[in-house]
Amino acid sequence: MATATVLRTESPDRWKYLNNILTRSGPYSDEVFVPGDGPKEFLAGTKILVIGAGGLGCEILKNLALSGFKDIHVIDMDTIDISNLNRQFLFREADVGKSKAEVAAAFVMKRVRGVNITPFNCAIQDKDDDYYRQFKIVVCGLDSVEARRWISSTLVDLVDPEDPESVIPLIDGGTEGFKGQARVMIPTFSCCYECTLDMLTPRAAVPLCTLASIPRQPAHCIEWASVIQWPKEKGDLKMDTDDPEHISWLYTQALARAKEFNIPGVTYAMTQGVVKNIIPAIASTNAIIAASCCNEALKLATTAAPYLDNYMMYTGDESIYTYTFQHEKKPECPVCGNLPQKLEINPELTLEELMEKLQERPETTLRKPSLRAGGKTLYFQSPPQLEEQTRPNLKKKVKELMGDGDELTVSDPGMPFVLRFVLSFT
Ligand SMILES: [Zn+2]
């Protein structure tokens, strides 16, 4: 009878293949590489943080543990859902509802001898600078742009130009269906996440008028149900996209709308997909991207080979294609650059319209922006007294509040940094 074998003792053969890379130099070794005793010497002291314990995170934790990393932390605020089980292989049905970080850590520690994984079931924003300072490398397996922006800018902020140890490389993996990317960011030396925001394909926003008058696609009918019908019929009731009754209601509404306009294809699953903005996840794409991220972690930790410089994209949806390029730093990056960005603006717009324009820009996924210009507070969202005091400015014209060439600063609770713009009146 076959039973799962657990490595109980540290056999001399355990790191045989990794030792081929770590105990001698080769033609591809990084020029600073000094051969050593194997993974113990290189990795025992390398404290590494994994952010995300989902599709990518499960793979990343497994790979790092099997590559010889001994001291791993993992942060994930999510709990396990039944739909995760087809690819998040560290979880079982009995784990549904439990913390992803805790279950994943326990599973890998049980399976791989000698690794210590410390889980945190919280948001990354709950941890302070001192917490992040203890790591040599951070690896992200996230599906959230906001979390990536936060950790990227936090690591840029931690850099002390006098102290090389304060530079913590960030490895970021991401997948969408058959596509993915792996990248290495060396804070302040290479581009940061914010420098590359314009590569994101913005979620195609359907104009409200299309939703309201002439839907053309099944998704338009679903958006109509959630954006227009829900508030109209349900008033203040908050939509819960995890509540099957809410999804059923939206589905019925969308289906009726689709019938009216002769649009086929609205299903319950599609309704759920559209309102939850679900990105399709494929186990093997996650495995490819996670493996690539972990090889970069191994190379950074050991210098056994030059690391990725700095962006690898993998495209598997039209046959297969990979491409690696060096994304450049942006001098006007709000996080790692030192120049404000130019903002062309019609001075006849009201402040409120300016705020709407800002919200459309890729780098400003703003929710509650506060604005200052020329040393004056133009609009602040909080505290309430200040909001009330500055609210009349929203109806004023830009030219009444600021001048051509003034610097405008925009802050938002969703952004850990301030955006700086130089106004250029059109
Ligand atoms: Zn940057």
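This is a predicted model: local features need pLDDT of at least 70, side-chain atom pairs count only at pLDDT 80 or more; totals for chains, interfaces and linings use all residues.

Valine 108 sits in helix H4, which spans residues 100–111. Is valine 108 buried or exposed? It counts as buried because 22 C-beta neighbours lie inside 10 Å, and the cut-off for that label is 20 or more. Asparagine 63 is 45 residues away from valine 108 along the chain, with 9.8 Å between the two C-alpha atoms.

Now step back to the domains. The domain assignment divides the chain into domain 1 (16–201 + 281–325), domain 2 (208–275) and domain 3 (341–425). The centres of domain 1 and domain 3, taken over C-alpha atoms, are 36 Å apart. Where these two meet, domain 1 contributes ten residues and domain 3 contributes seven residues. On the side of domain 1 that touches domain 3, you will find four nonpolar, two polar and four charged residues.

Let's finish with a sheet. Five strands make up an open sheet with mixed pairing, in the order S9-S13-S12-S10-S11. Strand S9 (341–345) and strand S11 (376–379) are the edge strands, each pairing on one side only. On average, neighbouring strands in this sheet are turned by 35° against each other, direction ignored. Within the sheet, strand S12 (residues 407–411) and strand S13 (residues 419–425) run antiparallel and are joined by four bridges. For a closer look at that pairing, follow glutamate 407 to its bridge partner in S13, valine 422.

Terms used:
Residues are numbered from 1 along each chain as its sequence is written. Two strands pair if DSSP finds at least two bridges between them. Helices (H or I, at least four residues) and strands (E, at least two) are DSSP runs, numbered from the N terminus. Axes are lines fitted to C-alpha atoms, for helices over the stretch in contact, and angles run from 0 to 180 degrees between N-to-C directions. A residue is buried if 20 or more other C-beta atoms lie within 10 Å of its own, exposed if 12 or fewer, and partly exposed in between; C-beta atoms are placed from the backbone. Domain bounds come from an automatic or database domain assignment. Ala, Val, Leu, Ile, Met, Phe, Trp, Tyr, Cys and Pro count as nonpolar, Asp, Glu, Lys and Arg as charged, and the others, Gly among them, as polar.
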